[in-house]
Amino acid sequence: VQLQASGGGLVQAGGSLGLSCVASSRRIFSVNNMAWYRQAPGKQRELVARITDNGITLYGDSVKGRCTISRITANNTVYLQMNSLKPEDTAVYLCNAEVKYNNGDHWNHWGQGTLVTVSS
């Protein structure tokens, strides 16, 4: 499967940015959890937000109240809306998807990442 993320870029502190990621493959039966993680230079990868296939969400403590994750299950797309951005939100944002294939296999996939830079 290919996870194609888009929407990163440069934004001023206090601004907003939206990310999207689509999982594409003809062999997909379903996509279960979808999530966004981020990794800043010299720091560990951390969960930003996760959403289940039935819409239950979970947010990392550092973004609670400032981010909203959503998805369109029918086309295996996940979105992340980020508001009130801070310089410390600067990181590469990575899309993650738990995929069930038509043959019954389950795989956890990572996208290539999209850079978000928040200037002060």
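1. Let's begin with a word you will need: two residues are in contact when heavy atoms of theirs lie within 4.5 Å. Please keep in mind as you read that this is a predicted model.

2. Which residues does V78 touch, once its neighbours within four places in sequence are left aside? V78 is in contact with L19, S20, C21, M34, W36, I51, I69, S70, R71 and C95.

3. Now for the charged side chains. How many salt bridges are there? The count is four. One of them joins R38 to D89, with N and O 2.9 Å apart. R38 sits in strand β4 (residues 28-39), whereas D89 is in the loop between β8 (77-82) and β9 (91-101), so this pair ties together parts that are 51 residues apart in sequence.

4. Are R38 and D89 buried or exposed? The cut-off for buried is under 20% relative accessible area. R38 has 6%, so R38 is buried. D89 has 2%, so D89 is buried as well.

5. D89 has another partner: its side chain meets that of R66 in a salt bridge of 2.8 Å, N to O. This pair links distant parts of the chain, as R66 lies in the loop between β6 (57-59) and β7 (67-72) and D89 in the loop between β8 and β9, 23 residues apart. R66 has a relative accessibility of 11%, so R66 counts as buried. Through shared partners, salt bridges join R38, E46, R66 and D89 into one network.

6. A last pair to look at is K64 and D61. They form a salt bridge whose closest N and O atoms are 3.2 Å apart. Here both residues, K64 and D61, are exposed, whereas R38, D89 and R66 are buried.

Key
Residues are numbered from 1 along each chain as its sequence is written. This is a predicted model: local features need pLDDT of at least 70, side-chain atom pairs count only at pLDDT 80 or more; totals for chains, interfaces and linings use all residues. Side-chain values use heavy atoms; hydrogens and water are left out. Helices (H or I, at least four residues) and strands (E, at least two) are DSSP runs, numbered from the N terminus. Buried means under 20% relative accessible area, exposed over 50%, partly exposed in between (1.4 Å probe, protein chains only).
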